[in-house]
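Good morning, and thank you for joining.

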Amino acid sequence: MERGTFGAERFGVGSLKGRHFIEPLNFSVEEMEGLFTLAGKIEENPAIYRDACKGRVLATLFFEPSTRTRLSFESAMLRLGGGCLGFADPGSSSASKGESLADTIRTVASYADAIVMRNPKEGAALLASRYSVVPVINAGDGGHHHPTQTLTDLLTILRLRGDVKNLRVGFCGDLKFGRTVHSLVKALSRYEGVSLYFISPGELTVPKYLKTGVLAKNNIPYTEIGGSLDTVIGDIDVLYMTRVQRERFFNEEDYIRLKDSYILTPEKMALAKKDMIVLHPLPRVNEIDMEVDSDPRAAYFKQTKYGMYMRMALLLSILGGNNA
Ligand code: CP
């Protein structure tokens, strides 16, 4: 293999080497586009990349449950020839004995070349980055951000719709606590011609800081809908469904009252455009009827697969591949 043939430099993302990734705007649109290109190259010919991160170690520190994010990062690192260590349950780490996040991070940074962390506290990833001598990747900090899910979402939209510009994107469900929503809204605010629909119960609307601080400043039009999905589904190009998150509620009664506010069914899909796509960061609970899964517009399992290639591209760029 000729030197430099698969390194991040070739795709314009050499600038990401050694960088933290805490929220989506940490990377420019051009850097993200470079990552999408690199993810596509990896997907086309994964064998070329099998030793790209040989000898490197990734730590995955999950203080909250995860299936997709943790396992796709670990799969990505293994497929790049690197190794993984970490924990999926903070009860098995010294955090359960009262160790501070700062001390955990300083320790793990001496064992690993990059750290992927999920934590229930908003701002935890930023704090970790301040104590880490190796790159920290935010795998979700409470109801705040989930930037690698956003890379996955954008890659899925690009692959299935061809472009992100000029799309009408509808977000449905828990828009208050949904970190994947917050990160994707921020990222979409940089694309021309995008317009957004927020469909949620009144108690779970998108935070004000996103409406006034991000969308208004970038002249992104948005409409808030408290009523039925039926009234708007026919106008949407990308429908982003989300779960009402039990773990973010202070009382069970509110959760039970709100959890089934929106359920996507084949009847509702019949009202949608023929080329609309349905995304969901998953896990799903009840908000998409399983009968929708066989609809060709249901893209959420394709989305999970793109997530692994996306994370391979991200790790290769942040770590700098052996052949970079
Ligand atoms: N999308 C997502 O973050 O899924 P997990 O909670 O399973 O990681």
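How far does a polar side-chain atom of H146 lie from an oxygen atom of the ligand? The separation is 2.9 Å. Please bear in mind that this is a predicted model.

For S66, a polar side-chain atom is placed 2.6 Å from an oxygen atom of the ligand. For T67, the atom in question belongs to the backbone, an N or O, and lies 2.8 Å from an oxygen atom of the ligand. As for cover, the ligand taken alone exposes 260 Å², and the protein buries 92% of that area.

Let me turn to the surroundings. Where does the ligand sit? Its site is the largest pocket. Around the ligand we find S66, T67, R68 and T69, together with R118, H146, Q149, P281 and L282. Sorted by class, this shell comprises five polar, two charged and two nonpolar residues.

Finally, a word on G123. This residue belongs to the loop that runs between β3, residues 114-119, and α4, residues 124-131. Is G123 buried, exposed or partly exposed, and why? The relative accessible area of G123 is 28%; because this value falls between the limits of 20% and 50%, the residue is classed as partly exposed.

Thank you; I am glad to take questions.

Terms used. Residues are numbered from 1 along each chain as its sequence is written. This is a predicted model: local features need pLDDT of at least 70, side-chain atom pairs count only at pLDDT 80 or more; totals for chains, interfaces and linings use all residues. Side-chain values use heavy atoms; hydrogens and water are left out. A residue is near a molecule or strand if one of its heavy atoms lies within 4 Å of it. A polar contact is a pair of N or O atoms within 3.5 Å; within protein, one must be able to donate a hydrogen and the other to accept it, and residues adjacent in sequence count only if both atoms are side-chain atoms. Accessible areas come from the Shrake-Rupley method with a 1.4 Å probe; for residues, only the protein chains shown count as cover. On a 1 Å grid over the protein atoms alone, a cavity is a set of points where a 1.4 Å probe fits but cannot get out, and a pocket is an open set with protein on both sides within 12 Å along at least five of seven lines; lining residues have an atom within 4 Å of a point. A molecule sits in a cavity or pocket if more than half of its atoms lie within 2 Å of its grid points. Ala, Val, Leu, Ile, Met, Phe, Trp, Tyr, Cys and Pro count as nonpolar, Asp, Glu, Lys and Arg as charged, and the others, Gly among them, as polar. Helices (H or I, at least four residues) and strands (E, at least two) are DSSP runs, numbered from the N terminus. Buried means under 20% relative accessible area, exposed over 50%, partly exposed in between (1.4 Å probe, protein chains only).
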